[in-house]
Amino acid sequence: MILYDFEYERPGSLKEATALLNESGDGARLLAGGTDLMPNMRVEVVTPSLLVSLSGIEPAAPEKRADGSIKIDALTKLSDLVDDELIKSELPMLAEAAHTVAGNQVRVMGTLGGNLCQETRCLYYNQKHDYQFVEPCYKRGGDCCFPFPGNDHNTCWSVYMSDIAPVLIALDATLEILGPDGTREIPMADLFTGDGLNPFTLGAAEIVQAVIVPPLPERFGWGYHKTTVRGGLDFGTAIIVIALQLAEDGETCSWAKIIYGAVGQGPLRPTTTEISMKSAVLDPPLIAVAASQEISPLPHHGFNKGYLRENIRVYTERSLVRAIARARDKS
Amino acid sequence: MNHLRHVGKSVKRKDGPDKVTGRAMYCQDVKLPGMLTGRILRSPHPHAKIVSIDLGKAKALDGVKGVITVEDTKGIKHGFVETPRYPADQEVLARDRVVHVGEEIAAVAAIDEVTAQAALELIEIEYEILPPVFDPHKAMREGAPEIHPSHPKVAEKESYANIGGKTESGWGDVEQGFADSYYVREDRYESHLRTHGYLEPQVTVAQWESDKLNVWTSSMGAFNKRAKLAKVLDLPYSSVRVHKAYVGGAFGGKVDLYSHEYCAARLSMLTGRPVRFVASREEIFSAYRHGQPLVVEIKTGVKKDGTLVAQELRIINNSGAYRGSGVVVVFLAWGFTMAPYRVPNLKYEGYSVYTNYTVRAPQRGHGCPQVRFAIESQLDTIAEEIGVNPIDIRLRNARVADEELPNKDNTHEAGLQDCIKIAAEKTDLVAKYGRDRKSPPKDSSIRHGIGIGISAYMSGTLIYPNGSGVIIKMNDDGSAVVLTGAIDLGQGAETIITQIVAEELSLEMDDIKIVSSDTDTTPQDIGAWISGLTYVTGNAARQAATNARVKLLGVAAEQMNVTADDLYLDNKEIISQSNPDNRLSYQQVIAASVANHHGDTVIGEGFWRTMRDEPNHPSLATTKGRWTENYAYSAQTAEVEVDLDTGEAKLVKALTVHDCGFPINPGLVKGQIDGQVSMALGHAFMEEILTKDGYTLNTSWLDYRMPTIHNMAESEDADVITEQYEVGQSYRTKEVGEGLVSGILAAIANAIYDATGVRLHSTPFSPEKILKGLRELERQQKAAE
Amino acid sequence: MDQITDRTTVNGKKSRSRVLEMSINGETHEITVKPRVMLLEAIRDKIGLTGTKDGCESGTCGACTVLVDGQPTLSCISLAVENEGKDIRTVEDLADGDNLNFLQEAFLDQGGTQCGFCTPGMLMSATALLEKNPKPTRDDINKALEGNLCRCTGYNSIVDSILQASDQGVKPRLL
């Protein structure tokens with residue numbers, strides 16, 4: 001139950017939607033599946049005065065293009081990512097990640113674009129503030145940080161918990177973004193500012209329109225793991241994503257990507273470790289130690305940094321082993 | 001030979017069809033014409049003086065129909081416990097001071113939710129902040145911020161601050177006992193804050209009709225609610241009617257009077273319109289009552305063979321800002337200590353300590369899981385130290401049938417020994433125990449472990465309203481209507497009462513309709529919160545049926561010219577054994593009764609009370625006096641898997657061997673067992689209310705992690721039948737709805753130890769703690785090498 | 001963030017109500033709602049079908065699950081206006097008069113309902129599953145029902161209910 005009134009528009013095209021956003025300024029928000037926005041409006045951590053609904057726009061089916069890339073409409077439901085034959089066969093890591101999002105109803109309601117643009121989370125932020133934590137925190141426009149009182153006004157340790165974004169980064173995906181001045185494309189990783197206060201680089205009237213995933217190379221391998229307490233329904237404790245390509249010898253790693261989700265204001269990447277994996281024969285335990293040491297996971301939702309790092313180490317190793325095995329399978 | 005047709009059978013739920021069609025009416029489904037919406041203004045501070053409250057702007061807002069504060073009440077206090085020693089201690093709205101975040105200060109009734117919320121925001125309150133205290137040990141220190149003065153009886157002897165109450169008990173000579181012991185050890189176990197997690201939020205609809213209050217409210221017993229509500233409203237019980245509504249789970253969280261119930265009633269009286277309050281899930285998590293985290297310090301001495309010689313326990317309960325059920329838990333913790341094992345020398349003290357947390361409620365098991373976790377964990381440690389296996393040490397100490405307990409209770413046909421033996425046999429526990437520690441699997445980080453825990457639980461005790469009555473109205477076609485105050489909150493009360501009446505009166509289940517849980521039309525009932533419903537209300541129903549049966553037989557004997565003992569009932573007929581052709585239908589017998597007995601329509605009356613010769617409940621302070629008539633005993637085993645690399649652990653299989661006396665409905669018993677295993681594994685691995693400075697951090701089910709469908713464990717059970725049900729005889733069946741959250745928790749802790757060698761001293765058993773334990777073991781191993 | 005100064009106006013004006021038509025259990029209903037009204041509130045308060053339950057209002061428990069065009073949807077976080085023209089089914093749609101359907105019967109046979117509060121949502125999630133997948137595996141059941149919390153049963157009997165309903169060898173446990 002939302003306890004304040006707002007206006008609602010349901011344009012017939014994304015162009016109209018971006019025009020509406022452009023006219024309405026800060027008070028407007030896009031509504032796609034609503035599974036992130038509605039609870040946040042209910043607890044009034046966001047209070048838009050206008051919702052621009054995209055439910056009047058039918059998403060296009062995922063499409064394999066002439067260059068082998070796959071284009072996915074951002075309004076595609078998460079459950080369709082799970083079930084779509086093209087996605088399942090060509091991008092199984094994406095289908096698997098989509099299957100780990102929340103519960104079935106959220107997957108049915110939630111969209112790919114909405115999942116990517118979900119607000120960052122923190123135990124303090126994501127709740128009602130009518131008698132608990134009445135002083136607004138930095139992210140709510142106030143002047144304190146409850147969980148980490150040492151943080152200054154530039155620092156918010158809310159974490160970005162999309163299960164899918166790390167996968168799309170690992171797959172080298174590009175986002176097609178529609179704004180008042182037309183479309184632009186950015187690499188998936190460039191969606192994020194790394195700032196918990198304002199996590200996204202999108203302009204106020206911009207809409208993620210599509211995701212384009214380039215064709216996977218030969219001897220490509222992947223590993224995906226989402227650590228949760230309950231095995232379902234949960235946001236991730238940590239998300240571990242690995243993508244790599246093996247050389248023709250089936251031993252040497254041509255390149256590798258390691259992306260971590262849920263433990264930073266945006267996806268995290270141990271870039272030095274990634275570089276060290278290039279043209280190397282991989283030693284998963286060593287790499288896992290290096291990668292987990294290289295990043296600095298943010299404590300969140302009751303999980304401390306030391307535990308997160310240890311969990312990330314173990315599942316980096318296990319996911320890397322799977323990725324190598326999958327790459328060999330393909331050779 | 002006992003030929004039972006209904007009792008002992010796994011009959012389907014009587015309320016099932018209503019529940020699978022959406023027809024079942026819960027409080028949130030009650031809608032009345034002109035109904036207003038209420039909302040509550042709560043304290044944003046854990047401890048503060050209220051300097052001033054200005055309601056002017058709120059009252060002036062369009063659509064606001066009523067605003068109340070404590071000034072609009074009669075100032076009558078209420079409490080979960082209301083005894084001479086522990087009188088009622090809480091007002092329905094805060095007066096002058098708030099003592100926890102979320103404490104109720106004012107309430108608004110308005111035409112809709114938005115207006116009510118807007119009105120709350122217009123109430124202006126000036127606070128003067130007072131220092132809070134959250135840690136019970138800090139709260140006990142002299143000079144700690146005083147939430148309430150220590151109980152005078154405790155303050156006479158001890159200088160601790162903030163003591164709400166204390167239970168002290170014991171027998172023998174523990175010091176001598178420890179001196180005589182072969183092995184003595186001391187440990188400390190801590191449990192954490194959890195909550196009930198009932199799916200249905202608390203809802204109250206109150207409607208004042210000039211001299212009478214109608215109430216629909218989420219409860220665990222309508223009569224307790226009526227008594228408390230009438231008291232704080234200063235109304236006679238006859239002016240408060242608590243109506244039946246289905247209850248969407250409670251688990252202890254809906255027993256007591258809540259402020260919103262008073263506010264709904266009072267605002268309805270003031271506005272002349274029905275008023276509805278719905279607690280939001282955030283309110284339930286951050287301002288309503290949770291369970292009780294205990295610190296258990298335990299010292300135990302045993303003989304060489306593991307026989308317990310002496311035990312000393314000191315228990316600290318972080319019991320929140322009012323007395324709540326905090327003083328009950330420290331009493332019960334004693335009971336759950338002494339009931340399963342024979343301890344010749346015992347010293348027990350339990351403190352209930354005020355802190356600036358929300359008030360505490362009973363939560364399924366009410367102290368038992370916390371205490372059994374401590375005792376059973378330590379017992380396994382002792383067993384290993386002295387080289388006895390976990391089964392033998394338990395069999396050596398477990399109580400047997402017909403034992404008199406120190407409080408003069410009797411174990412009667414206690415089947416605990418059999419429970420332990422059967423659990424051991426069914427799981428092959430002794431052979432499995434220690435397997436992965438002795439010969440760790442080479443190529444896997446997964447370790448398997450098995451553990452056992454036992455528990456005993458009371459089956460009903462004396463607390464208001466103490467007794468249950470049941471009335472059976474025979475209809476003149478031979479069918480029956482049962483009037484019972486019992487409330488079905490999912491456990492199946494209506495079903496088992498129907499089974500009993502069907503059995504006793506030889507009716508079909510469908511011949512019987514139940515009218516339940518309505519304070520005006522049904523007799524008083526103990527309620528569904530002291531684990532006595534099947535025993536107490538069930539026996540009342542049985543007696544009411546017997547009463548009706550005797551009347552039917554008497555009339556039939558006259559009509560059929562035989563003696564009553566020649567007659568038997570069968571399928572709505574009364575038949576002569578000596579001449580089976582001589583028979584009358586119930587319809588004919590009831591017609592004869594009306595015709596020949598001054599219009600007697602045949603009404604059966606029954607009532608029951610546990611421990612009928614005991615005047616009162618036992619002393620919460622000294623434990624003196626009898627506690628219960630029937631102890632339910634159980635042994636539970638857990639088989640777990642632990643990943644040594646990640647510390648992640650899960651319950652794979654649970655076995656519950658329980659002595660419930662005699663299962664009236666084994667299918668419903670199984671439902672209780674499965675639910676408790678699930679709740680216990682949530683306790684063990686997932687659920688925790690996280691707080692900081694008195695504020696609740698996780699106010700949703702995303703972050704308070706109750707088990708999902710992914711987390712079910714295989715749950716098997718076996719009955720140890722120690723009683724028989726016989727038509728016309730009273731029975732002493734035992735509880736199955738609460739105690740079984742306990743042994744299994746301890747079993748999980750012991751199984752984790754068995755898998756890993758890590759002995760956990762606090763719940764929950766998080767991966768982080770297990771990893772920490774494993775690292776510590778590695779350090780110790782290295783140091784030893 | 002924007003503090004809400006007046007909960008009932010938007011930029012000084014009353015927000016516009018909308019008149020919606022939707023099919024609920026095969027009946028066409030026309031309702032007038034403000035944009036803020038959730039589908040759950042529309043079904044329970046405007047249409048008056050109270051079988052669908054309100055457990056958390058925030059999409060975390062699944063008690064409010066209804067089928068929107070056959071898809072299990074959290075009606076507590078779905079605006080009514082978003083469901084204009086949709087075909088909505090609630091728990092009241094399952095039985096044919098007094099005749100329970102096979103899934104409802106299975107819940108009774110297995111003890112899949114206790115307090116009953118999660119049951120309408122469970123039944124709707126299970127209905128969506130079985131319509132899509134008549135012989136679900138245990139994993140399929142887990143994934144379909146992971147968004148529906150139950151505090152009473154421990155889930156075993158709910159899984160068995162669905163296995164019975166999909167004719168996968170699970171026999172009734174209760175008489």
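The domain bounds I use here come from an automatic or database domain assignment. The model is predicted.

**Entry 1: domains of chain A**

I looked up how chain A is divided. I find domain 1 (1-54), domain 2 (63-117 + 159-213) and domain 3 (220-329). Domain 2 of chain A is written as two segments, 63-117 and 159-213.

**Entry 2: domain 2 against domain 3 in chain A**

I checked the spacing next. The C-alpha centres of these two domains of chain A are 20 Å apart. I then looked at contacts, taking C-beta atoms within 7 Å as the cut-off. On that basis, 22 residues of domain 2 of chain A meet 23 residues of domain 3 of chain A.

Which elements of chain A supply at least two residues each to the domain 2 side? I note α5 (92-99) and α8 (165-170). The top contributor is α8(A), with five residues. I sorted this side by class and got 14 nonpolar, five polar and three charged residues.

**Entry 3: chain C against chain A**

I moved on to the contact between chains. Here 35 residues of chain C touch 34 residues of chain A. On the chain C side, the elements giving two or more residues are β1 (9-10), β6 (71-74) and α4 (138-145). Of the elements, β6(C) gives the most, with four residues.

How does the chain C side that touches chain A split by class? I count eleven nonpolar, 14 polar and ten charged residues.

**Entry 4: for my summary**

Two contacts are logged. Within chain A, the domain 2 side facing domain 3 carries 14 nonpolar residues and three charged ones.

How values were computed: Residues are numbered from 1 along each chain as its sequence is written. Chains are lettered from A and ligands numbered from 1 in the order in which they are written. This is a predicted model: local features need pLDDT of at least 70, side-chain atom pairs count only at pLDDT 80 or more; totals for chains, interfaces and linings use all residues. Two residues are in contact if their C-beta atoms, placed from the backbone, lie within 7 Å. Ala, Val, Leu, Ile, Met, Phe, Trp, Tyr, Cys and Pro count as nonpolar, Asp, Glu, Lys and Arg as charged, and the others, Gly among them, as polar.
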